[in-house]
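Hello,

Here is the structure I promised to pass on. Please open it and keep it beside this email while you read.

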Amino acid sequence: MMRMQTRCSAFGQEEHGEAGDEARWEMRPGGMLVQKREGPSPPAPTIRVRVKHGGASHEIYLSSQATFGELKKLLAERTGMHPGDQKIVFKDKERASNAFLDISGVKDGSKMVLLEDPAAQAKRCLEMRRNAKLEKASKSISQISLDVDKLASQVTALEAIVAKGGKVAEHDVLNLIELLMNQLLKLDGIIADGDVKLQRRMQVRRVQKYVEALDVIKIKNSMPTQQPPQQQQRKQKQSALAPVVATTKWEVFDSMFSPSTSAANSSTTARSTNSSSAPTPRFDWELF
């Protein structure tokens, strides 16, 4: 029993020791596993490397933990060669720009060879040309956008006139449509990619919207003039509030027919009662 406990405690110490050892290791940027240093790490030593380029040799001082890309930047100041066009060979092997010097085995006094990479140079030239074209296209689109802004203000002015019931000259509408179509032709001639292509597409849609607005103005301009709704409502209110004057003219017509029997009786009764005041009427009777 005592032997088993001793063995278990020893096994636990071994595990604890292994865990402590794992805690003292760290991963370097280049992927190398090194022992972790306690406290602030001392600065990396500065080394001197010799780089041969053609018939000249250059001595470069830099940190031992620097990358070959940083070495290329220092060599660009000496040789005038772009860092992207450089190819550094160390121990008969081309080194990548993100590789570290100390991990690659570079020490103080190491020798290297600098070569020019034609493929990288051609690629960089193509990239430069592409960027120059994109920049030129972006400037052209910006200029077209300013021109469209000026035309848009004129379109807005015509829309305001038509909205109030007025009419505009057809020549002005056709002239604006022609100017906007010219801007569309300029946009179609621009070859762009990426964000610049998106800007061109936005400007094309914008110009098309203004052309459609001018077509609507042309249709409304050809229609007969109508009074604005406000004036129509005002006239309706005035007609509703106006006083109604009814004039009646009566016309008197003489009787063309002989009086009826009831009328005769009533007249006889009235004659008997008012014989003293009213004269006796005379009637001409005809016998059939």
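Helices α3 and α5 make a left-handed crossing, where left-handed means that the near helix is turned anticlockwise from the far one by less than a right angle, and right-handed means clockwise. Helices and strands here are DSSP runs (H or I, at least four residues, for helices; E, at least two, for strands), numbered from the N terminus. This is a predicted model, in which local features need pLDDT of at least 70, side-chain atom pairs count only at pLDDT 80 or more, and totals for chains, interfaces and linings use all residues. Residues are numbered from 1 along each chain as its sequence is written, and side-chain values use heavy atoms, with hydrogens and water left out.

Back to that pair. Two packed helices are described by the angle between their axes and the distance between the axes. The axes of α3 and α5 are 10 Å apart, at an angle of about 20 degrees. Axes are lines fitted to C-alpha atoms, for helices over the stretch in contact, and angles run from 0 to 180 degrees between N-to-C directions. α3 is therefore roughly parallel to α5. The cut-offs are under 35 degrees for roughly parallel, over 145 for roughly antiparallel, 65 to 115 for roughly perpendicular, and oblique for the rest.

Contact means heavy atoms within 4.5 Å. On the α3 side, the residues that meet α5 include L134, I141, V148, V155 and L158. Among their partners in α5 are V196, V207, Y210, L214 and I217. By class, this contact of α3 with α5 has 14 nonpolar, four polar and five charged residues. Nonpolar covers Ala, Val, Leu, Ile, Met, Phe, Trp, Tyr, Cys and Pro; charged covers Asp, Glu, Lys and Arg; the others, Gly among them, are polar.

Next, α4. Helix α3 (residues 118-163) packs on helix α4 (residues 170-188) at about 155 degrees, with the axes 11 Å apart. That makes α3 roughly antiparallel to α4. This crossing is left-handed. The contact of α3 with α4 holds 10 nonpolar, two polar and two charged residues.

α4 also packs on α5. Their axes come within 10 Å and cross at roughly 165 degrees. α4 is therefore roughly antiparallel to α5. The crossing of α4 and α5 is left-handed.

What lies in the largest nonpolar core? It has 27 residues, and L158, V173, L180, I190, V207, L214 and I217 touch the most other members. A nonpolar core is a set of buried Ala, Val, Leu, Ile, Met, Phe, Trp, Tyr and Cys residues joined through side-chain atoms within 4.5 Å. Buried means under 20% relative accessible area, exposed over 50%, and partly exposed in between (1.4 Å probe, protein chains only). The elements giving two or more residues to this core are α3, α4 and α5 (195-222). α3 gives the most, with 10 residues.

Look at L214. Beyond its neighbours within four places in sequence, L214 is in contact with V155, L158, V173, L176, I177 and L180. A second, separate core has 15 residues, including A66, L101, M112 and L114.

Last, a loop. Most residues other than glycine have a negative phi. K91 has a positive phi, near 55 degrees. K91 sits in the loop between β5 (86-89) and β6 (111-116). At 57% relative accessibility, K91 is exposed. D92 is in the loop between β5 and β6, with a positive phi near 60 degrees. At 80% relative accessibility, D92 is exposed.

Best wishes
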